[in-house]
Amino acid sequence: MQLTEKHIELDEQGIGRCSVPMWCCGMPAGFCDEPAYGERPPSKEYRDATGRLWRLDGKYDGYVPGLACPAHGGPSIRVFKDGDKFCAVGLDFEDLQTSKAGFGDTKDEAISQYKAALMAKEG
Ligand SMILES: [Zn+2]
């Protein structure tokens, strides 16, 4: 079972495929393959008395060799290049006219603009 490029790298739309291995009846059954927008961020971990490793952020704590979908602890914000700017959007993104989005010269700036746009909607 080999990871492919789409399990490791995002395309120009900021989309890849979740690389979490799936198992069926004790046999490898491919990958999760849900849309993934990046890698699972690192978290503090601790090992309990049985030796099991737990993530303190509560995200999926299984083996993730490459990109991760939101259900497997990956980011829920997608960032892609729009012209010479970065654009950050959420999982419910449809288009730039109707969906919340953030723009910036860097990925981080686009993400914080996107979060600000979400706050404005809720506030
Ligand atoms: Zn997944």
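Modeller: Let's start with a word you'll need: a residue is buried when its relative accessible area is under 20%, exposed when over 50%, and partly exposed in between, using a 1.4 Å probe on protein chains only. By that rule, 30% of the 123 residues in the protein chain are buried. Keep in mind that this is a predicted model: local features need pLDDT of at least 70, side-chain atom pairs count only at pLDDT 80 or more, and totals for chains, interfaces and linings use all residues. Residues are numbered from 1 along each chain as its sequence is written, and side-chain values use heavy atoms, with hydrogens and water left out.

Biologist: Fine. Which residues are the protein donors of the zinc ion?

Modeller: Donors are N, O and S atoms within 2.8 Å of the metal (3.2 Å for Na, K and Ca); water is not among the atoms, so sites may look incomplete. Here they are Cys 18 (SG), Cys 32 (SG), Cys 69 (SG) and His 72 (ND1), 2.0 to 2.3 Å from the zinc ion. Along the sequence, the spacing reads C-x13-C-x36-C-x2-H.

Biologist: And where do Cys 18 and Cys 69 lie?

Modeller: For elements, we take DSSP runs numbered from the N terminus: helices (H or I, at least four residues) and strands (E, at least two). Cys 18 is in the loop between strand S1 (16-17) and strand S2 (21-24), and Cys 69 in the loop between strand S6 (53-55) and strand S7 (78-82), so the pair ties together parts 51 residues apart in sequence. Cys 18 is buried, at 0% relative accessible area, and Cys 69 is buried too, at 2%.

Biologist: What arrangement do the 4 donor atoms make?

Modeller: Four donors count as tetrahedral if all angles lie between 85 and 135 degrees. The ideal angle for four tetrahedral donors is 109.5 degrees. Around this zinc ion the angles are 106 to 115°, which makes the arrangement tetrahedral.

Biologist: What about Val 20, buried or exposed?

Modeller: Val 20 is buried, at 1% relative accessibility. This residue also sits in the loop between S1 and S2. Val 20 and Ala 68 are 48 residues apart in sequence, yet 6.8 Å apart in space, C-alpha to C-alpha.

Biologist: Zooming out, how many helices and strands are there?

Modeller: The protein chain has 1 helix and 9 strands, in the order β-β-β-β-β-β-β-β-β-α from the N terminus. Its C-alpha trace spans about 45 × 30 × 20 Å along the principal axes.

Definitions and conventions: Four donors count as tetrahedral if all angles lie between 85 and 135 degrees; four count as square planar and six as octahedral if opposite donors are over 155 degrees apart and all others between 65 and 115; anything else is irregular.
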